[in-house]
Amino acid sequence: MSRIGKKPVPIAKGVKLSLAGHHVVMEGAKGKLELNVHPLITVAHDSAKNELVVTRPNDDKQSKALHGLTRALLANMVVGVTDGYKKTLEIQGVGYKVEQKGKNLVMSVGYANTIPVEIPPGVDVKLEGPMKIHISGADKQKVGQFASDVRSVRKPEPYKGKGVRYEGEKVKIKPGKAFAGAGSK
C-alpha cells in the first residue's frame, strides 16, 4: 500500500463535499474546487468519521502512483478551500518595480520594455509597495504556477542578486572576475 494513499483525508468543518462518480467538488470559505478522479481510483466518503478514503483496485505501478497522487490532491483541496495558499515574491534591483493595471501585473525589471503578466482567474494578487507581491488563492497548483511565471520574467542572477525571488530565498552570489592589474601575465 501507498503510505500516503492509505491515509484518510479528514474533511474540515465548513467544507461542503459532493461526490458524483469520479467527480469531487469541495466548497469552503476560500472558494470552490473540482477534481476529476482517474477511473482506476475509487473515492468514498466515510460520513461517520467525516473523511475521504481513497482505494485502488490492484498493485500495478500506475495504480500505486495514482493512489498517492489522488489522496494528495484531495488533501490540497481541503486545505485550499479552508485556509487557502499563499506565496510572496520579492523584487530586488535598482529601478525594478511592479504595478497592477486591471487584470495584469506590469513589471519593469531591467528590460527596455515593461513586461505584462496576466493574472489568472482564481488567483488574488496584492502588492506591498513596488517591491513585494503577495499571491494567494484556493488552488495550490494555480498559485504556485503563477508565482513561478512571475519569477521566470527575471530570475535572480548570481552576480548581484538582482531579479524576482521567493520571500526568504537565498541566492548564492558568485565572485566576479578578479582584476589582475597592470604588468601581470
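So, over how many bridges do strand E7 and strand E12 pair, and in which sense? Strand E7, residues 85-92, and strand E12, residues 132-137, pair over six bridges in the antiparallel sense. Quick terms: two strands pair if DSSP finds at least two bridges between them. Helices (H or I, at least four residues) and strands (E, at least two) are DSSP runs, numbered from the N terminus.

Before I go on, this is a predicted model: local features need pLDDT of at least 70, side-chain atom pairs count only at pLDDT 80 or more, and totals for chains, interfaces and linings use all residues. Residues are numbered from 1 along each chain as its sequence is written, and side-chain values use heavy atoms, with hydrogens and water left out.

Okay, the sheet around that pair. It's an open sheet of four strands in the order E11-E12-E7-E13, with antiparallel pairing. At the edges sit strand E11 (123-128) and strand E13 (163-166), each pairing on one side only. From one strand to the next, the twist averages 25°. Axes here are lines fitted to C-alpha atoms, for helices over the stretch in contact, and angles run from 0 to 180 degrees between N-to-C directions.

Then there's helix H2, residues 140-153, which packs on this sheet and touches E7, E11, E12 and E13. Its direction makes about 5° with that of E7. Contact, by the way, means heavy atoms within 4.5 Å.

Leu-89 has Ile-133 in E12 as its bridge partner.

Strand E3, residues 23-28, pairs with E4 over six bridges, and His-23 stands opposite Asn-36 in E4.

Arg-56 is in the loop between strand E6 (51-55) and helix H1 (61-82). Is Arg-56 buried or exposed? Arg-56 counts as buried because its relative accessibility is 13%; the cut-offs are under 20% for buried, over 50% for exposed and partly exposed in between, using a 1.4 Å probe and protein chains only. Its side chain makes a polar contact with the side chain of Asp-59 at 2.9 Å, and another of 3.0 Å joins the side chains of Arg-56 and His-67. A polar contact is a pair of N or O atoms within 3.5 Å; within protein, one must be able to donate a hydrogen and the other to accept it, and residues adjacent in sequence count only if both atoms are side-chain atoms.

That's my tour, thanks.
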